[in-house]
Amino acid sequence: MISEITANTFATIGIVVGIFCGIALVLTVLILVVSKVCRIDTDEKLEQVLEKLAGANCGGCGCSGCAGFAEKLCKGECSLSDCHVTSPENKRDIAALLGVEMGDEEPTVACVMCSGGANAVNLYKYSGIGTCVYEAQLFKGAKMCDDGCLGFGTCLKACPEHAITVHDSVAYVDPDVCISCGVCMNACPKNLIERIPASAPVYVACSSHCKGKEVMNMCKSGCISCGLCVKNCPEQAITMKDNIPRIDYSKCTGCFTCVSKCPRKVIKVRAERLEKPAAKAE
(Lines give C-alpha, C1' and ligand atoms only; values in the text may rest on other atoms or scores of the structure.)
Protein backbone atom coordinates (compact mmCIF):
# COMPACT_ATOMS: atom_id res chain seq x y z
CA MET A 1 0.00 0.00 0.00
CA ILE A 2 2.77 2.42 0.96
CA SER A 3 4.72 1.58 -2.15
CA GLU A 4 1.66 2.35 -4.29
CA ILE A 5 1.22 5.78 -2.61
CA THR A 6 4.91 6.55 -3.09
CA ALA A 7 4.71 5.57 -6.72
CA ASN A 8 1.66 7.78 -7.27
CA THR A 9 3.38 10.71 -5.55
CA PHE A 10 6.46 10.45 -7.76
CA ALA A 11 4.24 10.12 -10.78
CA THR A 12 2.40 13.30 -9.82
CA ILE A 13 5.66 15.14 -9.21
CA GLY A 14 6.94 13.96 -12.56
CA ILE A 15 3.84 15.22 -14.31
CA VAL A 16 4.14 18.64 -12.61
CA VAL A 17 7.82 18.88 -13.49
CA GLY A 18 7.05 17.87 -17.05
CA ILE A 19 4.36 20.52 -17.34
CA PHE A 20 6.72 23.24 -16.06
CA CYS A 21 9.46 22.10 -18.39
CA GLY A 22 7.01 22.14 -21.27
CA ILE A 23 5.85 25.65 -20.40
CA ALA A 24 9.46 26.83 -20.12
CA LEU A 25 10.28 25.30 -23.49
CA VAL A 26 7.27 26.92 -25.14
CA LEU A 27 8.12 30.32 -23.61
CA THR A 28 11.73 30.00 -24.75
CA VAL A 29 10.62 29.27 -28.30
CA LEU A 30 8.15 32.16 -28.23
CA ILE A 31 10.83 34.56 -26.99
CA LEU A 32 13.20 33.48 -29.76
CA VAL A 33 10.49 33.83 -32.39
CA VAL A 34 9.34 37.25 -31.16
CA SER A 35 12.92 38.54 -30.86
CA LYS A 36 13.63 37.45 -34.42
CA VAL A 37 10.40 38.78 -35.91
CA CYS A 38 10.49 42.07 -33.97
CA ARG A 39 14.24 42.57 -34.20
CA ILE A 40 15.22 46.15 -35.02
CA ASP A 41 18.15 46.26 -37.40
CA THR A 42 20.91 48.58 -36.25
CA ASP A 43 21.31 51.53 -38.56
CA GLU A 44 24.87 51.13 -39.83
CA LYS A 45 24.97 54.71 -41.05
CA LEU A 46 23.98 55.94 -37.58
CA GLU A 47 26.80 53.92 -36.03
CA GLN A 48 29.30 55.29 -38.54
CA VAL A 49 28.22 58.87 -37.81
CA LEU A 50 28.47 58.25 -34.09
CA GLU A 51 31.99 56.89 -34.49
CA LYS A 52 33.04 60.08 -36.29
CA LEU A 53 31.59 62.45 -33.68
CA ALA A 54 33.90 63.69 -30.94
CA GLY A 55 32.15 61.68 -28.25
CA ALA A 56 32.33 64.54 -25.74
CA ASN A 57 28.63 64.20 -24.83
CA CYS A 58 28.82 67.84 -23.74
CA GLY A 59 25.26 68.79 -24.69
CA GLY A 60 26.37 72.00 -26.37
CA CYS A 61 24.46 71.06 -29.53
CA GLY A 62 21.22 70.95 -27.59
CA CYS A 63 21.03 67.15 -27.50
CA SER A 64 21.53 65.01 -24.44
CA GLY A 65 24.62 63.44 -25.97
CA CYS A 66 26.39 62.47 -29.18
CA ALA A 67 24.04 59.54 -29.77
CA GLY A 68 21.03 61.86 -29.83
CA PHE A 69 22.86 64.29 -32.10
CA ALA A 70 23.85 61.49 -34.50
CA GLU A 71 20.25 60.34 -34.69
CA LYS A 72 19.05 63.86 -35.50
CA LEU A 73 21.78 64.25 -38.11
CA CYS A 74 20.71 61.08 -39.88
CA LYS A 75 17.10 62.29 -39.87
CA GLY A 76 18.10 65.72 -41.22
CA GLU A 77 16.75 67.45 -38.12
CA CYS A 78 19.96 69.35 -37.33
CA SER A 79 23.14 70.59 -38.94
CA LEU A 80 26.79 69.64 -38.54
CA SER A 81 27.48 73.25 -37.64
CA ASP A 82 25.56 72.70 -34.40
CA CYS A 83 28.51 70.69 -33.13
CA HIS A 84 31.63 72.71 -32.41
CA VAL A 85 33.63 69.88 -30.88
CA THR A 86 34.05 67.38 -33.70
CA SER A 87 37.12 68.00 -35.86
CA PRO A 88 36.68 69.47 -39.37
CA GLU A 89 38.14 66.29 -40.85
CA ASN A 90 35.55 64.09 -39.17
CA LYS A 91 32.80 66.53 -40.10
CA ARG A 92 33.80 66.20 -43.74
CA ASP A 93 33.60 62.42 -43.45
CA ILE A 94 30.14 62.68 -41.88
CA ALA A 95 28.99 65.10 -44.59
CA ALA A 96 30.17 62.68 -47.29
CA LEU A 97 28.48 59.79 -45.50
CA LEU A 98 25.15 61.61 -45.24
CA GLY A 99 25.44 63.31 -48.63
CA VAL A 100 25.11 66.84 -47.25
CA GLU A 101 27.02 70.04 -47.88
CA MET A 102 29.47 71.31 -45.32
CA GLY A 103 30.81 74.83 -45.52
CA ASP A 104 34.27 75.85 -44.42
CA GLU A 105 34.18 76.20 -40.67
CA GLU A 106 36.89 78.01 -38.78
CA PRO A 107 37.68 76.61 -35.31
CA THR A 108 36.27 78.75 -32.52
CA VAL A 109 36.71 79.20 -28.80
CA ALA A 110 34.43 80.62 -26.14
CA CYS A 111 35.26 84.05 -24.71
CA VAL A 112 33.77 86.01 -21.81
CA MET A 113 32.89 89.48 -23.08
CA CYS A 114 33.34 91.29 -19.77
CA SER A 115 36.22 92.55 -17.66
CA GLY A 116 34.24 94.27 -14.92
CA GLY A 117 34.23 92.07 -11.86
CA ALA A 118 35.91 93.89 -9.01
CA ASN A 119 36.01 97.05 -11.18
CA ALA A 120 32.22 97.12 -11.49
CA VAL A 121 30.06 98.98 -8.99
CA ASN A 122 27.64 96.92 -6.88
CA LEU A 123 24.11 98.08 -6.11
CA TYR A 124 23.78 95.82 -3.10
CA LYS A 125 25.55 93.00 -1.29
CA TYR A 126 24.25 89.65 -2.40
CA SER A 127 24.19 86.97 0.30
CA GLY A 128 22.01 84.28 -1.26
CA ILE A 129 22.86 80.96 -2.91
CA GLY A 130 26.24 81.28 -4.56
CA THR A 131 25.40 80.86 -8.22
CA CYS A 132 25.09 83.40 -11.02
CA VAL A 133 21.65 82.05 -11.90
CA TYR A 134 20.18 82.72 -8.47
CA GLU A 135 21.78 86.15 -8.15
CA ALA A 136 20.57 87.17 -11.60
CA GLN A 137 16.99 86.54 -10.47
CA LEU A 138 17.30 89.36 -7.94
CA PHE A 139 17.18 92.63 -9.92
CA LYS A 140 19.44 91.08 -12.58
CA GLY A 141 22.25 90.74 -10.04
CA ALA A 142 24.18 92.96 -7.68
CA LYS A 143 26.14 94.73 -10.41
CA MET A 144 24.95 98.17 -11.43
CA CYS A 145 25.74 97.09 -14.98
CA ASP A 146 23.02 94.73 -16.18
CA ASP A 147 25.54 93.08 -18.51
CA GLY A 148 28.29 92.48 -15.96
CA CYS A 149 29.78 89.11 -15.02
CA LEU A 150 28.53 88.09 -11.57
CA GLY A 151 31.64 86.03 -10.89
CA PHE A 152 30.14 83.03 -9.09
CA GLY A 153 31.45 80.67 -11.75
CA THR A 154 28.26 78.99 -12.93
CA CYS A 155 30.01 78.63 -16.29
CA LEU A 156 33.06 77.18 -14.54
CA LYS A 157 30.97 74.45 -12.92
CA ALA A 158 29.19 73.68 -16.19
CA CYS A 159 32.34 73.42 -18.34
CA PRO A 160 33.04 69.74 -19.09
CA GLU A 161 36.69 70.46 -19.94
CA HIS A 162 37.55 72.59 -16.87
CA ALA A 163 38.62 75.38 -19.23
CA ILE A 164 37.20 78.24 -17.13
CA THR A 165 38.62 80.04 -14.11
CA VAL A 166 37.41 83.07 -12.16
CA HIS A 167 39.80 85.93 -11.37
CA ASP A 168 38.80 89.17 -9.63
CA SER A 169 35.14 88.12 -9.92
CA VAL A 170 35.32 87.69 -13.70
CA ALA A 171 35.28 84.39 -15.60
CA TYR A 172 38.01 83.62 -18.14
CA VAL A 173 38.19 80.84 -20.71
CA ASP A 174 41.49 79.12 -21.46
CA PRO A 175 41.53 78.89 -25.29
CA ASP A 176 44.06 76.04 -25.18
CA VAL A 177 41.60 73.87 -23.23
CA CYS A 178 38.25 75.11 -24.60
CA ILE A 179 36.57 72.80 -27.12
CA SER A 180 33.91 75.39 -28.02
CA CYS A 181 31.08 73.06 -27.01
CA GLY A 182 28.86 75.97 -25.92
CA VAL A 183 27.84 74.56 -22.54
CA CYS A 184 29.16 77.65 -20.75
CA MET A 185 27.23 79.89 -23.13
CA ASN A 186 24.00 78.15 -22.21
CA ALA A 187 24.86 78.28 -18.50
CA CYS A 188 25.58 82.03 -18.29
CA PRO A 189 22.39 83.88 -17.25
CA LYS A 190 23.80 87.14 -18.63
CA ASN A 191 24.70 85.71 -22.08
CA LEU A 192 28.20 87.14 -21.77
CA ILE A 193 30.01 84.25 -23.40
CA GLU A 194 30.39 84.22 -27.17
CA ARG A 195 32.34 82.20 -29.69
CA ILE A 196 35.17 83.92 -31.51
CA PRO A 197 37.62 82.48 -34.05
CA ALA A 198 40.40 80.49 -32.41
CA SER A 199 42.84 82.64 -34.39
CA ALA A 200 41.34 85.95 -33.20
CA PRO A 201 44.16 88.21 -31.94
CA VAL A 202 41.94 90.54 -29.87
CA TYR A 203 38.51 90.64 -28.30
CA VAL A 204 36.17 93.24 -26.77
CA ALA A 205 35.86 92.60 -23.04
CA CYS A 206 32.58 94.44 -22.51
CA SER A 207 28.92 93.76 -23.29
CA SER A 208 27.26 96.90 -21.93
CA HIS A 209 24.99 98.73 -24.36
CA CYS A 210 24.74 101.81 -22.15
CA LYS A 211 26.07 105.21 -23.18
CA GLY A 212 29.53 106.31 -22.15
CA LYS A 213 28.51 108.52 -19.24
CA GLU A 214 26.43 105.74 -17.69
CA VAL A 215 29.24 103.23 -18.09
CA MET A 216 31.72 105.55 -16.37
CA ASN A 217 29.49 105.54 -13.31
CA MET A 218 29.07 101.77 -13.38
CA CYS A 219 32.42 100.23 -14.25
CA LYS A 220 36.07 101.23 -14.47
CA SER A 221 36.63 98.63 -17.18
CA GLY A 222 33.57 99.27 -19.34
CA CYS A 223 33.47 100.59 -22.91
CA ILE A 224 32.47 104.28 -23.06
CA SER A 225 31.70 104.17 -26.80
CA CYS A 226 34.32 106.79 -27.64
CA GLY A 227 34.88 105.24 -31.08
CA LEU A 228 38.66 105.67 -31.06
CA CYS A 229 39.08 102.01 -31.99
CA VAL A 230 36.81 102.49 -35.01
CA LYS A 231 38.54 105.68 -36.14
CA ASN A 232 42.07 104.34 -35.79
CA CYS A 233 41.71 100.80 -37.15
CA PRO A 234 43.81 100.79 -40.36
CA GLU A 235 41.82 97.88 -41.80
CA GLN A 236 38.38 99.29 -40.95
CA ALA A 237 37.70 96.03 -39.15
CA ILE A 238 35.77 97.62 -36.28
CA THR A 239 32.29 99.07 -36.27
CA MET A 240 30.21 100.43 -33.40
CA LYS A 241 26.89 98.69 -32.80
CA ASP A 242 24.63 99.46 -29.85
CA ASN A 243 27.50 101.31 -28.15
CA ILE A 244 29.82 98.30 -28.36
CA PRO A 245 32.73 97.79 -30.82
CA ARG A 246 32.27 94.82 -33.11
CA ILE A 247 35.34 93.28 -34.72
CA ASP A 248 35.23 91.77 -38.19
CA TYR A 249 37.84 89.06 -37.76
CA SER A 250 38.04 88.48 -41.51
CA LYS A 251 39.61 91.95 -41.77
CA CYS A 252 41.55 92.10 -38.50
CA THR A 253 45.30 91.69 -39.03
CA GLY A 254 46.32 91.76 -35.39
CA CYS A 255 48.12 95.09 -35.54
CA PHE A 256 46.83 95.91 -32.01
CA THR A 257 46.21 99.58 -32.88
CA CYS A 258 42.80 99.31 -31.26
CA VAL A 259 44.39 97.93 -28.09
CA SER A 260 46.76 100.87 -27.78
CA LYS A 261 44.11 103.49 -28.61
CA CYS A 262 41.41 102.23 -26.24
CA PRO A 263 41.43 104.59 -23.22
CA ARG A 264 39.67 102.07 -20.99
CA LYS A 265 41.69 99.02 -22.11
CA VAL A 266 38.47 97.26 -23.07
CA ILE A 267 39.97 95.70 -26.19
CA LYS A 268 42.43 93.08 -25.06
CA VAL A 269 45.06 90.92 -26.66
CA ARG A 270 43.67 87.43 -26.43
CA ALA A 271 46.96 85.82 -25.42
CA GLU A 272 47.29 88.26 -22.52
CA ARG A 273 43.88 87.86 -20.95
CA LEU A 274 45.38 86.33 -17.84
CA GLU A 275 48.56 87.81 -16.46
CA LYS A 276 50.90 84.97 -15.73
CA PRO A 277 53.93 85.36 -13.45
CA ALA A 278 57.12 86.03 -15.35
CA ALA A 279 59.58 83.16 -15.60
CA LYS A 280 62.44 83.40 -13.14
CA ALA A 281 65.82 84.12 -14.66
CA GLU A 282 68.29 81.28 -14.24
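In this predicted model, the buried residues of helix α3 pack against α2 and α4. Those buried residues are C66, F69, A70 and L73. Around the helix axis they span an arc of only 100 degrees, so they sit on the same side of α3. The helix itself covers residues 66–75. Just after α3 comes G76, with a positive phi of about 75 degrees.

Helix α4, residues 88–98, has its own set of buried residues: K91, I94, A95 and L98. G99 follows α4, and its phi is positive, near 70 degrees.

The packing of these helices can be described pair by pair. Two packed helices are described by the angle between their axes and by the distance between those axes. For α2 (residues 44–52) and α3, the axes come within 9 Å. They cross at roughly 125 degrees. The two helices are therefore oblique to each other. An angle over 145 degrees would be needed for roughly antiparallel, and 65 to 115 degrees for roughly perpendicular. The crossing of α2 and α3 is right-handed. On the α2 side, the contact is made by K45, L46, V49 and L50. On the α3 side, C66, A67, A70, E71, L73 and C74 take part. Sorted by class, the contact of α2 with α3 has 8 nonpolar residues, 2 charged residues and no polar ones.

The axes of α2 and α4 also come within 9 Å. Here the crossing angle is roughly 165 degrees. α2 and α4 are therefore roughly antiparallel to each other. Their crossing is left-handed. From α2, the contact involves K45, Q48, V49 and K52. From α4, it involves N90, D93, I94, L97 and L98. The residues of the contact of α2 with α4 divide into 4 nonpolar, 2 polar and 3 charged.

Among contacts with a separation of 6 or more, 58% join residues 24 or more positions apart.

R195 lies in β4, residues 193–197. Its relative accessibility is 27%, so R195 counts as partly exposed. Neighbours within four places in sequence aside, R195 contacts H84, T108, V109, A110, S180, C181, G182 and M185. M185 is 10 residues from R195 in sequence, and the two C-alpha atoms are 8.6 Å apart.

With residues up to four places away in sequence not counted, G130 touches F152 and K157. F152 is 22 residues from G130 along the chain, yet their C-alpha atoms are separated by 6.2 Å.

Two further loop residues have a positive phi without being glycine. D168 has a phi near 50 degrees. D168 lies in the loop between β2 (164–167) and β3 (170–173). Its relative accessible area is 62%, so D168 is exposed. D242 has a positive phi of about 55 degrees. The place of D242 is the loop between β6 (238–241) and β7 (244–247).

How values were computed:
Residues numbered from 1 in each chain as written. Predicted model: local features only at pLDDT ≥ 70, side-chain atom pairs only at ≥ 80, totals over all residues. Heavy atoms only, no water. Axes fitted to C-alpha atoms, helices over the stretch in contact; angles between N-to-C directions. Helix = DSSP H or I, 4+ residues; strand = E, 2+ residues; numbered from the N terminus. Parallel < 35°, antiparallel > 145°, perpendicular 65-115°, else oblique. Left-handed = near helix turned anticlockwise from the far one by under 90°. Contact = heavy atoms within 4.5 Å. Nonpolar A, V, L, I, M, F, W, Y, C, P; charged D, E, K, R; others polar. Buried < 20%, exposed > 50% of the residue type's maximum accessible area, 1.4 Å probe, protein only. Arc of directions from axis to C-beta.
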